[in-house]
Amino acid sequence: MKQFIAATTLAMLLLSYSTVFAQHPDTVRTGVYITSIHDINFKDKEYNITLWLWLKYKNKSFDFLHNLEVPQAKSVITSYSTVDSSDNKIYLLMKLQCVMKDSWAVNNFPFDKQKLRFSIENSQYDSKSLVFAADTLGKHFDPRFTLRGWDIDSLDISTGIKKYETAFGDDSQPKPHTEYSNFKVRVQIDRAAMGLFWKMFLGMYVAFLIAYMCFYIHADSIDSRFGLSVGALFAVIGNKYIVDSSLPESTTFTLVDMLHGITLFFILTVIICTAWSLKLVKRNELAKSQRFDFISAQVLLGCYLLLNAWFIFEATRVGISS
């Protein structure tokens, strides 16, 4: 009888302990220090990040050296790690080199802002057993490292719960739902855009000016006027293909599409105006033809400059306010 009572008491203690454990998961205090962000690849939607990651916890079974999960990583290399297990606590410090996959917002390219995301989880323990707490002391990135062509606007660290609508094959789960605690880093970067803008769009604007010069060529020179306009048309199309080759595919109408579309439309308008001017010359209305060319040149140039300025202003305004 005494053995039965002892066994019952032990079972109740174990049940009570497991209930407390489930209600009060162990806390893993986590921090990062980013030393480099480089090789931002728009076409492949990825970037490289090098950082120091440290974790402080009591439960040795967490074993982050083997159970560390970086959900958005294409590859993770641990170039250095050290473990201090004194005072019944684990202090793990590791240096990670990751190739991260991310999505880019290219609607306002090249006047865009991007958010780089990095997060970690423990692949073996869900949020009932483990939760992260952010170590917010000190800086989180090296202010001396330079990200070529970009400026770091802000860096935020936080913790949360990642929900998976699956039980990962565990038949003991009542429904296909699992939650894991995660530690998240979000870096917002701003592009130094003006130099890149002129580098990518200078050819397009030169092509438009070449087509625009047709208004100052005598209407009798039909070969010259049509030759310049058609050549400029194909130059803009070629420039667009070159720019698009460095960007990811997008289903939305971006600033790049808008500026090239406007330029193609205005060059087509130049060709139409040239045809009408030639028709006036054939009617022996030379004065009308010259007046038409002069008015068309001023109106088209004014409208083209205003439209470009407006769309560029809107792109930079959205970039600043986002």
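## Helix H3 and Val 206

Val 206 sits in helix H3, residues 193-212 (helices are DSSP runs of H or I with at least four residues, strands are E runs of at least two, numbered from the N terminus). This is a predicted model, where local features need pLDDT of at least 70, side-chain atom pairs count only at pLDDT 80 or more, and totals for chains, interfaces and linings use all residues. Residues are numbered from 1 along each chain as its sequence is written, and side-chain values use heavy atoms, with hydrogens and water left out.

Val 206 is partly exposed, at 40% relative accessible area (buried is under 20%, exposed over 50%, partly exposed in between, using a 1.4 Å probe and protein chains only).

## Aromatic pairs

The structure has 24 aromatic pairs (ring centres of Phe, Tyr and Trp, taking the six-membered ring of Trp, within 6.5 Å; planes under 30 degrees apart are stacked, over 60 edge-to-face, the rest tilted). Phe 42 and Trp 104 are a stacked one, at 5.1 Å centre to centre and 5° between planes. Phe 42 is in the loop between strands E1 and E2 and Trp 104 in the loop between E5 and E6, so this pair ties together parts 62 residues apart in sequence. Both Phe 42 and Trp 104 are buried.

Phe 62 and Tyr 125 go edge-to-face, because their planes are at 70°, with centres 5.0 Å apart. Phe 62 is buried at 0% relative accessible area, while Tyr 125 is partly exposed at 22%.
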